[in-house]
Every structure is written in C-alpha cells, then in structure tokens.
Amino acid sequence: MKKFFIMFTAVLMFLFTATAFAQIPAALIDCIDSDYCNAFSAFSELCKSGIETTAHAAEIESSEGAKQTDDSSGFDSKWFIISPIAGIVIAFIVMSVMKGKMKTVRRQSDAQNYVRDGSFNVTESTDTFLYRKVTRVSTSNDNNSNNNDND
Amino acid sequence: MNKEYKCPCCGGAINFDTDSQNLKCPFCDTEFDVQAFTDYENNSSDTEEISVGNINCTSEELSESESDGISEYVCESCGGNIVCETTTASAKCPYCGNPVVMTGNVTGMLKPNLIIPFKKSKEDAKAAYYEHLKGKPLLPDTFRDENHIDEIKGVYVPFWLFDADTKARIRFKTTRVKSWDSGDYRYTETRYYSVVRGGNVGFDRIPVDGSTKMPDDIMESIEPFDVSEAQAFNSAYFAGYMADKYDVDSDQCVERSNERIRQSTEDLFRGEVTDYDSVTTEHSQINITSGQVQYAMYPVWLLSTTWHDKNYIFAMNGQTGKLVGDLPVDKKKYWTRFLLFSVLFTAIVLGIAFLTSLA
C-alpha cells in the first residue's frame, strides 16, 4: 500500500509539472540563454498572471458552481484523473503479459490434437426461433427512456 | 538381477543414440539397429490379451529374459519408482533430487505396447533450457547468473493411451442482435433461438500420465507427442535412460481422458453453430464409448535446479524438444516496471488528450 501511494504521488507530480511546463511560451524558453534577466522577469509575470487567473477561476467556480476548465486551451481537467487510471490499467495489462511468459506449465483443456481424421460427422442440425425482444432508447436528449417489447 | 547391453565388438556397455536412432557403443563407436540387436540378444515373447474393465488392454507382462535387463529403484525420499537399465549411472532421483537406492528387481511389470524413442539429446535439453530463460525481463538476475542445472535425466514416462468414440447431442441458446435508428429513438432487437447439433466424433490415443510422481500439468504441457513415430516396445531403448513404472492404472486415468473428450466434443459442435452473435450451451448429452487402451513409454528430459532453497523442475518433450517450466518473478523488477509503465502510459494518455483539446 505504501509503495502504491508513493507511486501514485510520483505520477501526479510528474503530470502537474509537465502540464505547467507546457504553458510556458516557446519564445521565453529560447531567450533564457541570451537574456536571462528579462526571461526571468517574463517568467515571474507569467507566474503572477497564472496565479491571478487561477484565483479568479476559483472565485467563479465557488460562486457559480461552474465546472472547472482551462479556458485558454479547452483542456478538460477531468483528464488529470482519467489519465493516471488509464495509465495504471494499461501498465497492469502489460505486466500481466510479461508475468504470463514466466508461466508455461498449463493443463490441456481438450483433446483437439487427437481427433481421428474424418471421424467428425454432424447428423442433426436444427435452429428454432423462440422469441424476440426490442429495446428503445431515446437519442434526443440526456433523459433516456427505455422500453421493452417482447413477442 | 541386472543386465547390461554389451557391445558384441568390444564388450562395452552400449546406449541408445538419439542422432542415429540406433544403439551405439561409446567406446568403439559401433552402431547397431535396435531390432537386429534385440534379435541378437534373443529377447522375444508371446502376447496375451488382458481385459481391463470394459476395455481391452493388449499389454503383456515382461518375460523374465526381458526384465533381466532392467532394475527398479525406489527413492526413499519421495517414493518414486524408477526403472532403468543397469548401465545408467544414476545418483539422484529425477523427481526430488535425492539419491535413489536400489531396492529390488522388476517382477511382473506390464510390458508397454509402444515406445517413442528419444530424438533429442541431453545437449538439446540444456540448449532449450537456456533458450527458455531468454526474453524474460522479470526473471531475477541472480537466478540467471548463479543458475546451474542440478540434474538432467532422460526418463521414459508411462502413459495410458485411450481411444474413444463419442455420440453427442448439444443444445445451445443463441441470439442475433440488430439495431436501427428511427426518429428520436435507437431500437435494438434481440432474437433468441434454440439450436441443436448432434453427431459423432472419434479420438485416438489420448495420453494420460500413469505416474503419480510425475506432475500431470507438466506432462500435459509438453504435449503433443507424435505417436506415428512410436515403435513396438523393446527394452533396448532403455539403454542409457531411466524409466518410470506406472502406479496409476488405466481405470483411474480414463476419467481425465473423458474430461478432455467432453470439452473437445462440445467445442467441435459449438464450431458448427455459426451466424449468431452469442452462443451459450444449455444442455449437452455426450456418450463416450471407450475403445482400446494402450500402455506406452514417452521420452521426457527432466531438468531440475535449485534457487533460494526452492526446487524448480523443467521438462522437455524428448521427441519434439518442447520445454516447459515455471520461472520465479523478481518482485522488485515487477514493481519498478509497473511504476515506469504507469507513468509512461499516463503521460501518453494525457498528451493525447491535450493534443486533442488543442485541435
């Protein structure tokens, strides 16, 4: 559990750092080597602007109960929750495949290799319709309605 | 009483050679055809049919002259019965790794109908084992680096081979699903059917391991063996190898064979149910008529190694070279990779989501 917590925290730290870095304009990064003072000033202004924007967004959210979104990019913050979950699930699948390669001892479930050539004959084949069931789902709005019809 | 197969040329003890499929003297390199050598030794006997339950077993008992060449050892640790040619220099039990003690001779042993001679050598088994360790990133480094094979033994494992004919009638519940849009609604129609398939199918020589000392899952994992290459039993094939004596009779093994037959029969008839979106078995009636049962010896290379005081057993099909054996997992490597992959895939998913939002 402790290992899992450390891992999860590390994933979140990585994500927030990567996202924040993506907000820095490319021009600012380019001029860091040539004009460090101005670049630092610009960066501090950027941080200040970011903090003010965030504080303003928080005020709006608290007053209106609006969903928090990044207006500048249209990036939905719910991805910060979905991405780690998806990442962990995919990693688990990959690790399961790797772990499966370590186990090669398995009992045979069938005797397919021992079917006598030409011995398989189908002598009875019937398909009988029993009943039908129809479901109806509204596609016009979020208020879906379901109806079932049985014949 | 023990017997050595002696080279008629130099008098040395001879072994079965996997490359030439002949008996070969390691001292003077003279090769002998198995049948010709057996004729030379004058080992032949008549057969007698034995009835086992409702099935006919055509096995016969070894004559005294044939069992002369074979000795039985019983491991005092695990109780495994090991039957081997007297020239075999065996110091350890292939099942538990402990020294075996010779306690008696073969008496009244059921003579196998068939034997598949070894086609893969000890070197092939070693090579297959090291190949088995490759491409396993979760294998502990110490297992790979410090690994040494404690024991490699070529063992003839006793198998019962079952023939059977089945008559089946299986009822399935199936569905066909169709969807369409109309107005503000999406309609889904599911049509339910009752489908019956009946017929018959036959099976030949389904092998079931007849030794309790040999793990059944390992023996089934190294299948299939090609029975078309089997030879009539000749004790000369034991030369240089060990052989286990069956301690589970055919009546006890037949149920395992029937389990596999039932599954295969159902799969075959299910395969005949096509053009449906879902198929569920509702009722199956499978009548199995047992046929001939044969007693056979199949070639298996057993490799054992010890790591962290735990014994790991690997088995290789002595005919096809298929090797199996579970390997340990390094927990540290597992969790490190899990973390790295989690971060990597999280970043990828987030990156895709971010790029999609920009588009």
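This is a predicted model: local features need pLDDT of at least 70, side-chain atom pairs count only at pLDDT 80 or more; totals for chains, interfaces and linings use all residues.
**Stop 1: chain B as a whole**

Select chain B and colour by secondary structure. Chain B has 18 strands and seven helices. It runs to 359 residues, and 51% of them count as buried. Among the contacts in chain B with a separation of 6 or more, 73% are between residues 24 or more positions apart.

**Stop 2: a loop residue**

Select B:Asp29. This residue sits in the loop that joins strand 2 (22–24) to strand 3 (31–32) of chain B. Is B:Asp29 buried or exposed? Its relative accessible area is 51%, so B:Asp29 counts as exposed, the cut-off being over 50%.

**Stop 3**

Select B:Thr174, which belongs to strand 12 of chain B. B:Thr174 has a relative accessible area of 0%, so it is buried. Show what surrounds it. Leaving aside neighbours within four places in sequence, the residues in contact with B:Thr174 include B:Arg191, B:Tyr192, B:Tyr193 and B:Val195. B:Val273, B:Tyr276, B:Ser278 and B:Val279 are also in contact with B:Thr174.

**Stop 3: aromatic rings**

A pair of aromatic rings is described by how far apart the centres are and by the angle between the planes. Over all chains there are 27 aromatic pairs. Select B:Phe143 and B:Tyr312 to see one of them. Their ring centres are 5.6 Å apart and the planes stand at 80°, so this pair is edge-to-face. B:Phe143 is in helix 4 (residues 141–145) of chain B and B:Tyr312 is in strand 17 (residues 310–317) of chain B, so the pair ties together parts 169 residues apart in sequence. Both B:Phe143 and B:Tyr312 are buried.

Next select B:Tyr185 and B:Tyr187. This aromatic pair is tilted, with 6.5 Å from centre to centre and 55° between the planes. B:Tyr185 has 26% relative accessibility and so counts as partly exposed.

Then select B:Phe118, B:Tyr156, B:Phe233, B:Phe238, B:Tyr241 and B:Trp301, which form one aromatic cluster.

**Stop 4: charges over rings**

Show chains A and B together. Which ring does the charged end of A:Lys99 sit over? It is the ring of B:Tyr334, with the charged end 5.3 Å from the ring centre. In a second case, the charged end of B:Arg191 sits over the ring of A:Phe129, 4.4 Å from its centre.

**Stop 5**

**Stop 6: the largest cavity**

The structure has two cavities of 30 Å³ or more. The largest cavity contains about 40 Å³ of space. To find it, select B:Phe162, B:Asp163, B:Val254, B:Asn258 and B:Ser290, which lie nearest its centre among the ten lining residues. Strand 12, helix 6 (250–270) and strand 16 (278–307) of chain B each supply two or more residues of this lining. Five of the lining residues of the largest cavity are nonpolar, four are polar and one is charged.

Key:
Residues are numbered from 1 along each chain as its sequence is written. Chains are lettered from A and ligands numbered from 1 in the order in which they are written. Side-chain values use heavy atoms; hydrogens and water are left out. Rings of Phe, Tyr and Trp (its six-membered ring) pair if their centres lie within 6.5 Å; planes under 30 degrees apart count as stacked, over 60 as edge-to-face and the rest as tilted. Helices (H or I, at least four residues) and strands (E, at least two) are DSSP runs, numbered from the N terminus. Buried means under 20% relative accessible area, exposed over 50%, partly exposed in between (1.4 Å probe, protein chains only). A charge sits over a ring if NZ of Lys or CZ of Arg is within 6 Å of the ring centre and within 35 degrees of the ring normal. Contact means heavy atoms within 4.5 Å. On a 1 Å grid over the protein atoms alone, a cavity is a set of points where a 1.4 Å probe fits but cannot get out, and a pocket is an open set with protein on both sides within 12 Å along at least five of seven lines; lining residues have an atom within 4 Å of a point. Grid points are joined across faces, edges and corners, and a volume is the space filled by probe spheres set on the points. Ala, Val, Leu, Ile, Met, Phe, Trp, Tyr, Cys and Pro count as nonpolar, Asp, Glu, Lys and Arg as charged, and the others, Gly among them, as polar.
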